[in-house]
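Subject: Structure handover

Hello,

Here is the structure you are taking over. Please open it beside this email and follow along.

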Amino acid sequence: MNTHRNMWPYLWLAIALIAYSLPWQWHTTHTLTLNAYDLAEWQSVLASSQDSLAALVASLSLRLPLLVMTVVFAYLTRGAADNLHLIARWIIIGLLVIAQLPPLTALTSIFRDANNAQQFTLAGLSLLMVIGISLRKSPADKWLVIGLVTIFVIGGLFGIAQTMAAFNGLGITVMIGAGGVLLAGVMWGFLLIPHGEAA
C-alpha cells in the first residue's frame, strides 16, 4: 500500500513533463509545433534582439513550469522514508535543476546575458526552495506550493498570449496546443496526491 502511494508523485511528474514537452502552440501546416521550452527560447531571442522587457517576462513565465514542477515534486516526496526513494528523489530533483540551467558554453556569460542569467537564477531558486521545503516542514508549505501553481497558471496564460501576439506580428497565425492546458490541469492535480508525510 505504502509503495503504491509513494509512486504517485513520480507518475504525476512524468505526466507533467510530458505535458511540458507537448506543443503549446502550433501552426495549421503542422510544420510549426513549439513546446514551452522552445517558446521560451524564441521569446528570449526576441528580448535580446528587440530589447523587449515583455518578451523577457514571457520567456520567464514559460520557464517557470520547470521550477514549479521541481518544488511540487520535492514537496510531495519529502516524507520519503527508505533510502531507495530518498536517493531517487534527490537524483530527480538534481536533474530537474540541471535542466533549468543555460548551456555550459553560456555559463561564462551569465552576468552579461539576461537570458542566461534568467535560467541560472531559476535553477538556483529551485534548488534553494527544495532545500528549504526539505529541511523545514510547515503546514504553510502547502499554501506556498499552491501559490506557485497559481503563479504558473497566470504566468503561462501571459506567456502564451505574448508568443501568439509575437507570431501574429510576423504574419504567422498559431493555435493553442494541448500542452499548456494539460499541464495546468496536472499542476492542480497535485492536490489529489497523498503527501509524503502521510505515505
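Start with the sheet. Three strands make an open sheet, in the order β2-β1-β3, and their pairing is antiparallel. Two strands sit at the edges: β2 (33-34) and β3 (174-176). Each of these edge strands pairs on one side only. Now look at β1, residues 25-27. Three bridges join β1 to β3, and the two strands run antiparallel. Find Trp26, too: Met175 in β3 stands opposite Trp26. A helix covers this part. α6 packs on the sheet and touches β1, β2 and β3. The direction of α6 makes about 165° with that of β3.

One caution before you go on: this is a predicted model.

Next, the overall layout. The protein has seven helices and three strands. Along the sequence they follow the pattern α-β-β-α-α-α-α-α-β-α. There are 199 residues, and 44% of them count as buried. Take the contacts with a separation of 6 or more: residues 24 or more positions apart account for 74% of them.

Back to α6. This helix spans residues 141-169, which is 29 residues. From first C-alpha to last, α6 reaches 41 Å, close to the 42 Å expected at 1.5 Å a residue. Gly171 follows α6, and its phi is positive, near 80°.

Now a pair of helices. How do α4 and α5 pack? Their angle is about 155°, and their axes are 9 Å apart. Angles over 145 degrees count as roughly antiparallel, so α4 is roughly antiparallel to α5. You can see which residues meet. From α4 come Arg89, Trp90, Ile93 and Val97. From α5 come Ala123, Ser126, Leu127, Val130 and Ser134.

Then the core. In soluble globular proteins, nonpolar side chains tend to be buried together. Here, the largest nonpolar core has 46 residues. Those with the most contacts inside it are Trp12, Trp24, Val68, Met69, Leu183 and Phe190. Which helices supply this core? At least two residues come from each of α1 (2-21), α2 (36-50), α3 (53-77), α4 (83-99), α5 (114-135), α6 and α7 (178-189). The largest share is from α3, with twelve residues.

Two residues are worth a click.

Phe190 is found in the segment after α7. Is Phe190 buried or exposed? Its relative accessible area is 0%, so Phe190 is buried. Set aside residues up to four places away in sequence, and Phe190 touches Trp12, Val72, Tyr75, Leu76, Val145, Ile146 and Val149. Phe190 and Trp8 are 182 residues apart in sequence, yet their C-alpha atoms are 9.3 Å apart in space.

Leu148 lies in helix α6. Its relative accessible area is 11%. Buried means under 20%, so Leu148 counts as buried. What does Leu148 contact, leaving aside its neighbours within four places in sequence? The partners are Leu67, Val68, Val71 and Met129. Check Val68 in particular. Leu148 and Val68 are 80 residues apart along the chain, and 6.3 Å separates their C-alpha atoms.

Over to you.

Best wishes

Key:
Residues numbered from 1 in each chain as written. Predicted model: local features only at pLDDT ≥ 70, side-chain atom pairs only at ≥ 80, totals over all residues. Heavy atoms only, no water. Helix = DSSP H or I, 4+ residues; strand = E, 2+ residues; numbered from the N terminus. Expected span 1.5 Å × (residues − 1). Pairing = 2+ DSSP bridges. Contact = heavy atoms within 4.5 Å. Axes fitted to C-alpha atoms, helices over the stretch in contact; angles between N-to-C directions. Core = buried A, V, L, I, M, F, W, Y, C linked by side-chain atoms within 4.5 Å. Buried < 20%, exposed > 50% of the residue type's maximum accessible area, 1.4 Å probe, protein only. Parallel < 35°, antiparallel > 145°, perpendicular 65-115°, else oblique.
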